[in-house]
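Visitor: Please show me the sequence and the model. I have some questions about how the chain packs.

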Amino acid sequence: MFFKLLAAFILVPLMELYLLLQLAEVTSVGLTFLIVLVTGILGSILARREGVNAWRRFRLAMAEGRMPGTEIQDGMMIAFAAALLLTPGLLTDALGFTLLIPAGRTMVRQFIARRYRGSVQFQVFQSGGGPSGPGPFGQAPHRQPRRHDDCDTIDATSVERRA
């Protein structure tokens, strides 16, 4: 994992620099600078708008008493998109704008779900006891089928797959 991150922190900036230099050679340095500037300004405006919308949806989900999982994911992707758009470059801007579009976030969410499906296990406990017995502290967990909106605790464990 360390070498993948190291490669990403070295290769991505080098690719971005190469693409910006190629764009400057094909067009002009001024136009390349203007493109970087405009994408940064437009990205910050879109990130703010999408962030406010995600926050509004988060608060609505909480007011309705449901788990705001999608809203939290959207907020994290929007924050990541804003960070990508602050980085000058064509590839990071393309990924950043993709994450700012709701359809792009849905596509990324589905990709991540397919990628990690089967590698995460969930156990749900009911605090304070319930119809089948006491709560999670030293006792057996409540294992009856339940609706997601009446759960109190989610304990998740990641299992790494070896390919």
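Visitor: Is Thr 92 buried or exposed?

Guide: This is a predicted model, where local features need pLDDT of at least 70, side-chain atom pairs count only at pLDDT 80 or more, and totals for chains, interfaces and linings use all residues. Residues are numbered from 1 along each chain as its sequence is written, and side-chain values use heavy atoms, with hydrogens and water left out. Buried means under 20% relative accessible area, exposed over 50%, and partly exposed in between (1.4 Å probe, protein chains only). Thr 92 has a relative accessible area of 8%, so Thr 92 is buried.

Visitor: Which helix holds Thr 92, and what does Thr 92 touch?

Guide: Helices are DSSP runs of H or I with at least four residues, strands are runs of E with at least two, and both are numbered from the N terminus. Thr 92 lies in helix α4. Contact means heavy atoms within 4.5 Å. Not counting residues up to four places away in sequence, Thr 92 touches Val 12, Glu 16, Leu 84 and Thr 87.

Visitor: At what angle do α1 and α4 pack?

Guide: Axes are lines fitted to C-alpha atoms, for helices over the stretch in contact, and angles run from 0 to 180 degrees between N-to-C directions. The axes of α1 (residues 2-26) and α4 (residues 90-100) lie 7 Å apart, at an angle of about 105°. Angles under 35 degrees count as roughly parallel, over 145 as roughly antiparallel, 65 to 115 as roughly perpendicular and the rest as oblique. So α1 and α4 are roughly perpendicular.

Visitor: Which residues of α4 meet α1?

Guide: From α1 come Val 12, Met 15, Glu 16, Leu 19, Leu 20 and Leu 23. The residues of this contact divide into seven nonpolar, one polar and one charged. Here Ala, Val, Leu, Ile, Met, Phe, Trp, Tyr, Cys and Pro count as nonpolar, Asp, Glu, Lys and Arg as charged, and the others, Gly among them, as polar. On the α4 side are Leu 90, Leu 91 and Thr 92.

Visitor: Which residues of α1 are buried?

Guide: Look at what lies over them. The cover includes α2 and α4. The buried residues of α1 are Glu 16, Leu 20 and Ala 24.

Visitor: Is Glu 71 buried or exposed?

Guide: Glu 71 lies in helix α3 (residues 69-86). Its contacts, leaving out residues up to four places away in sequence, include Ala 54, Phe 58 and Arg 66. The relative accessibility is 11%, so Glu 71 counts as buried.

Visitor: How far apart in space are Ser 44 and Leu 85?

Guide: Ser 44 sits in helix α2 (residues 29-63). Ser 44 counts as partly exposed because its relative accessibility is 43%. In sequence, Ser 44 and Leu 85 are 41 residues apart; in space, C-alpha to C-alpha, they are 7.5 Å apart.

Visitor: What pattern does the protein chain follow?

Guide: Count the elements. The protein chain has five helices and two strands. Read along the sequence, the pattern is α-α-α-α-α-β-β.
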